[in-house]
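Dear colleague,

Please find below the structure that I am handing over to you.

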Amino acid sequence: MKVTFKYGIGTFQGKIDNSVFWPQKSGLASVMRKFTYPTLTSQNTKIGKIGKNLAIIWQDLLQAYRENLATYAQRYYVQYGSEGSFDPARSPYAFYTHMIWEWSKSFTDTDLETLTYEDLSVTGIQISTVKNAIDNGYLRTIDQYDDLTAGF
């Protein structure tokens, strides 16, 4: 259902009571639907376990590596900006998870549910630095990245 608001509110995004709202691209109205909790599947459980495991590995990474990902994120948005009105700015952690998922596609024997920091240190040479991850195609290229060489 298309919803318009009073008092100069163009759009609204979020959940109120038992309704979910999301903005239209025009910025003049929102679309509303009734909230229903989705049926959980085994895929949801698997993705949840992988997400928790990647968060544990993120905490084990060296601070310098995480700072390099933050620098990459800043430079990425200076160079590319937001690629649409609904493209959110991704955090360094989001770039990290994207990089790990892309890397795991190259190594089909890698199980992200059971991956450990030690395993990553041994097998993750291609992503051991942000520069290596860009050079190997796991992160999008930016103009200035030669200084992002801190390892994990």
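Which residues of H2 are buried? Before the reply, a word on the basis of this summary. This is a predicted model, in which local features need pLDDT of at least 70 and side-chain atom pairs count only at pLDDT 80 or more, while totals for chains, interfaces and linings use all residues. Residues are numbered from 1 along each chain as its sequence is written, and side-chain values use heavy atoms, with hydrogens and water left out.

Helix H2

The buried residues of H2 are Tyr65, Arg66, Asn68, Leu69, Tyr72, Ala73, Tyr76 and Tyr77. They lie on the same side of H2, because they cover an arc of only 165° around the axis (the arc is that of the directions from the helix axis to the C-beta atoms). Buried here means under 20% relative accessible area, exposed means over 50%, and partly exposed lies in between, with a 1.4 Å probe and protein chains only. Helices (H or I, at least four residues) and strands (E, at least two) are DSSP runs, numbered from the N terminus.

Gln74 and Val78 are exposed on the face of H2 turned away from its buried side. The cover over the buried residues of H2 includes H1, helix H3 (92-106) and helix H5 (130-135). H2 (residues 63-79) has 17 residues, and its end C-alpha atoms are 24 Å apart, in agreement with the 24 Å that it should span at 1.5 Å a residue; the expected span is 1.5 Å times one less than the number of residues. Just after H2, Gly81 has a positive phi of about 65°.

Helix H1

In H1, the buried residues are Ile50, Asn53, Leu54, Ile57 and Trp58. Their arc around the axis is only 145°, which puts them on the same side of H1. Lys52, Ile56 and Gln59 are exposed on the face turned away from that side. H2, H3 and H4 are among the elements that cover the buried residues of H1.

Asn53, in H1 (residues 42-60), has a relative accessibility of 13% and therefore counts as buried. Apart from neighbours within four places in sequence, Asn53 is in contact (heavy atoms within 4.5 Å) with Leu112, Glu113, Thr114 and Leu115.

The nonpolar core

A nonpolar core is a set of buried Ala, Val, Leu, Ile, Met, Phe, Trp, Tyr and Cys residues joined through side-chain atoms within 4.5 Å. The largest one has 30 residues, of which Tyr72, Tyr96, Met99, Leu120, Ile127, Val130 and Leu139 touch the most other members. At least two residues of this core come from each of H1, H2, H3, helix H4 (117-123) and H5. H2 supplies the largest share, 6 residues.

Salt bridges

There are 3 salt bridges, each a side-chain nitrogen of Lys or Arg within 4 Å of a carboxyl oxygen of Asp or Glu. In the pair of Asp147 and Arg75, the closest N and O atoms are 2.8 Å apart. Asp147 lies in the segment after H5 and Arg75 in H2, so this pair ties together parts that are 72 residues apart in sequence. Glu102 and Lys105 form a salt bridge at 3.0 Å, N to O; they are 3 residues apart in H3, which means a separation of about one helical turn. Lys131 and Asp135 also form a salt bridge, at 3.0 Å, N to O.

Yours sincerely
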